[in-house]
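Reader: I would like to learn how to read a few features of a model with care. Could you take me through them one at a time?

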Amino acid sequence: MNVSTLFFLLAFACGSIALADDICMANCDGDVCKFTAKVNLYAGETGYYTFDECGDTSNPTIGMEIGKTYVFDQSHVSNYYHPLGLAYFADGAHDDVDELEPGIVPPGSDSACSDFMSCPAPMYFQAGEYLGTYSNDAMFANATEGEDDFGLDHYEPQFFYPLPDWTERGPFSVSLMFDDESFGSDIFYFCHIHQFMTGRIKLLKDGEPVQPNANLPAIPYEYDKPGQYDKFCGTHGLGDFQLPNKQCPEKFVCGVPEGNPELSLFASCIDSMDCHMVQGMTTGVKANSATALFLHQMIPHHQNAVNMAKALLKHGHLDCANMEDETDDCTMEVILREIINNQNKQIQDMRGLLESHGWPETDDCKVDIFVSKDDHSDHDDHDDHGVSVAAPENSGTSASTKPFLASATLLFVGALGSTVF
Ligand SMILES: [Cu+2]
């Protein structure tokens, strides 16, 4: 069996092939087609791209007609920290695979474009100004030879600026006119900063995919699928950490006022994320290294920051139309979005360090929380601070929490928290 047959079978086994009907098409106005990019921060750990033209599907498969100009509009605030890239394989440079660049011949193509630095490549724009010198698209600049600057090196660094500065400098957009007719595969969009956010692009000729019977190359991972509880909280990975939990104190939030069900449910989300962190931050030292210990501890610590920030962004009813405004709500939203995107990037970097050192991805150790019956007898709400706490299975109040929360969650899903990306 040759390699492409194998890939074909794998693609067949792993998922259905995108039929022409499943391919999301851009909005085209004359010669320019547009995809309006957003990032749904709740769809997975880092968030996933969505496009207004494709509804709320995460990382939808999109179609691009060969020879036509497409613009990815990244003006929405959720694009902060997510500069969109284009590559011949999933995730581009994150996976050390070829991206679309002026000097890179599309794999399998017989084009000599690398001799002229005229291979298909994206062109990056800031506030309507092209940031590079290369062009293959007369729509924006006369086609060039020998130019390799397509603007990415000026575009990407600005996505690391503080959010108000990024907002002030934008809006940002990316264009692509893929013009190699001899190429017969799919390409990919991805985030230059975060890995695992890639989505497929089917190249089309007169509306039909140039690769109609396969989705190749494959995307080598599954997308996150948040459970009902994470969907409610706006978080990632908390499904197994609702209280009571043997390895967590009875509660983290004390004295939640009655008569405010929305706040109670948000406090329950906080309890769960703190339980997730406490368990994550009980680690071993198998790698015999201070750095490894730091990484194993800091990753769950960061995950907690991200979960807290996402949950408040979802449930905090912040009203900020422009991140440059210095209102209280805008100050808060800037803090939240910076935490989410920056610390998610650091989490991926820290996982990369564990991998490059050959250290285990996690080094969890199980620490049950034990408490004597005496300690348990008269705990109250205001001074237990996680010290004097009950073993959950002995706790009448906690035992009732989960069913309450489950039904309350169903009740409140959709009623609370607008869909803030
Ligand atoms: Cu990103």
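Author: Helices (H or I, at least four residues) and strands (E, at least two) are DSSP runs, numbered from the N terminus. This is a predicted model, in which local features need pLDDT of at least 70, side-chain atom pairs count only at pLDDT 80 or more, and totals for chains, interfaces and linings use all residues. Residues are numbered from 1 along each chain as its sequence is written.

Reader: Where does P244 lie?

Author: P244 is found in the loop between α4 and α5, and a cis peptide bond, with omega about 5°, joins L243 to P244. Another cis peptide bond links L216 and P217, with omega about -5°, and P217 has its place in the loop between β12 (208-209) and α4 (228-233).

Reader: How should I read the packing of α6 and α7?

Author: Two packed helices are described by the angle between their axes and the distance between the axes. Axes are lines fitted to C-alpha atoms, for helices over the stretch in contact, and angles run from 0 to 180 degrees between N-to-C directions. Here the axes of α6 (residues 290-315) and α7 (residues 328-357) come within 8 Å and cross at roughly 155°, which makes α6 roughly antiparallel to α7 (angles under 35 degrees count as roughly parallel, over 145 as roughly antiparallel, 65 to 115 as roughly perpendicular and the rest as oblique).

Reader: Is Y81 buried or exposed?

Author: A residue is buried if 20 or more other C-beta atoms, placed from the backbone, lie within 10 Å of its own, exposed if 12 or fewer, and partly exposed in between. Y81 is buried, with 24 other C-beta atoms within 10 Å, and its phi, near 75°, is positive although Y81 is a residue other than glycine.
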